[in-house]
Amino acid sequence: MRPVETLVRLLTLIARVGAGVAFAVLIVTVLVQVVGRTTGQSPVWTEELTRFALLYLVAFGAGLSLRTGDLVNVDVISESLPGKLPWILRLLAAAATAGLALYLLPHAWKYVTIGKMQTAPALGMRMTWAHLTVFILLAGLALFAVLRCITMLSGTEDGTPVKPAEEEE
């Protein structure tokens with residue numbers, strides 16, 4: 001296995017685990033909230049934690065969505081073009097996505113640091129942790145877009161979405 005393939009698998013695993021943990025926190029928090037509402041003693045922090053879990057779910061899932069083609073993707077025209085044009089357009093789209101995400105990363109980090117001065121009212125935690133989701137989202141998009149460019153240029157992949165095995169059947 002090539003080092004790039006190993007890196008792609010590792011980053012995919014990290015993103016899946018992150019999304020899975022965020023989803024588990026979301027499920028447990030909503031369950032606590034629902035049970036609390038039926039008993040009349042719903043903890044106030046559940047709504048806030050639910051929002052943070054949703055933010056982390058989106059942040060970790062964005063890079064995965066780029067990889068699997070689940071982001072908004074209008075490829076009807078590009079994929080019907082002749083020859084290598086669809087491949088070139090996929091490469092340009094990945095490069096543009098990587099470029100934009102990389103350009104926005106320093107600005108996202110500045111946004112994260114602003115969170116030091118703010119606190120979440122119910123949980124009492126610094127908003128840095130909520131703002132970090134924007135940085136994670138952009139970093140994931142940048143990483144998966146750069147890796148798509150690398151794998152396309154090395155001939156390992158053709159840039160088409162990589163669907164999980166259960167969806168290929």
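## Leu91 and its neighbours

Leaving aside residues up to four places away in sequence, Leu91 touches Cys149, Met152 and Leu153, where contact means heavy atoms within 4.5 Å. This is a predicted model, in which local features need pLDDT of at least 70 and side-chain atom pairs count only at pLDDT 80 or more, while totals for chains, interfaces and linings use all residues. Residues are numbered from 1 along each chain as its sequence is written, and side-chain values use heavy atoms, with hydrogens and water left out.

Leu91 belongs to helix 3 (residues 85-114); helices here are DSSP runs of H or I, at least four residues, numbered from the N terminus. With a relative accessible area of 17%, Leu91 is buried (under 20% relative accessible area, using a 1.4 Å probe and protein chains only; exposed is over 50%, partly exposed in between). Glu5 is 86 residues apart from Leu91 along the chain, and their C-alpha atoms are separated by 18 Å.

## Thr29 in helix 1

Now to helix 1 (residues 3-39), where you will find Thr29. Thr29 counts as buried because its relative accessibility is 3%. Not counting residues up to four places away in sequence, Thr29 touches Trp45, Thr46, Leu49 and Thr50.

## Helix 2 and its bend

Helix 2 (residues 45-68) has 24 residues and spans 34 Å from its first C-alpha to its last, close to the expected 34 Å (1.5 Å times one less than its number of residues). At Gly61, helix 2 bends by about 35°, the angle between axes fitted to the seven residues ending there and the seven starting there. Just after helix 2 comes Gly69, with a positive phi of about 80°.

## Cavities

How many cavities of 30 Å³ or more are there? The count comes to 2, a cavity being a set of points on a 1 Å grid over the protein atoms alone where a 1.4 Å probe fits but cannot get out. The largest cavity holds about 40 Å³ of space, a volume being the space filled by probe spheres set on the points, which are joined across faces, edges and corners.

Leu66, Arg67, Phe144, Arg148, Glu157, Thr160 and Val162 line the largest cavity, each having an atom within 4 Å of a point.

## Confidence

The protein chain has a mean pLDDT (the predictor's confidence in each residue, from 0 to 100) of 89, and 95% of its residues reach 70 or more. Among its elements, helix 3 has the highest mean pLDDT (94) and helix 5 (residues 165-168) the lowest (55). Where pLDDT is low, the predicted coordinates should not be read in detail.

Note on methods. Helix = DSSP H or I, 4+ residues; strand = E, 2+ residues; numbered from the N terminus. 1 Å grid on protein atoms, 1.4 Å probe; cavity = no way out; pocket = protein on both sides within 12 Å on 5 of 7 lines; lining within 4 Å.
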